[in-house]
Amino acid sequence: MKIKHFFRDGEKMQEHFEEHGEQTNSQSAEEYLIKANAVMQNPRTKRKPETDDGDNDIVYYLPPTGEIVFVSAEGYIRTYFIADDEYFERQ
């Protein structure tokens, strides 16, 4: 799988990995990045613009696993974690 999206910088990736790595079953920041990209590339993933906070993010959500990824308008991953359908619908 080709990595198409990255975090703005390594520090941001590390921060989000430390916050959500266990929840996403990621063993390293690099694995966390790979898994976030896998969600975005999965054909079963739902995609929509975020309307909750006006950041113009794109939200990717994989219902079977609850994985959710937020990507900025500039193409950077903002975060990746586990959510539910209700959370996705509110975004």
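**Close-up views of a predicted model**

View 1. I3 counts as partly exposed because its relative accessibility is 22% (buried means under 20% relative accessible area, exposed over 50%, partly exposed in between, with a 1.4 Å probe and protein chains only). The model is predicted: local features need pLDDT of at least 70 and side-chain atom pairs pLDDT 80 or more, while totals for chains, interfaces and linings use all residues. Residues are numbered from 1 along each chain as its sequence is written, and side-chain values use heavy atoms, without hydrogens and water. I3 sits in the segment before α1 (helices are DSSP runs of H or I with at least four residues, numbered from the N terminus). Leaving aside residues up to four places away in sequence, I3 touches L33, I34 and N37 (contact means heavy atoms within 4.5 Å). I3 and Q41 are 38 residues apart along the chain, and 9.6 Å separates their C-alpha atoms.

**View 2. N25 in a loop.** The loop between α1 (10-20) and α2 (29-41) holds N25. N25 is exposed because its relative accessibility is 52%. Residues up to four places away in sequence aside, N25 touches E31 and K35. From N25 to A38 the C-alpha distance is 14 Å, with the two residues 13 apart in sequence.

**View 3. E18 in helix α1.** E18 is part of helix α1. With a relative accessible area of 60%, E18 is exposed.

Note on methods:
Helices (H or I, at least four residues) and strands (E, at least two) are DSSP runs, numbered from the N terminus.
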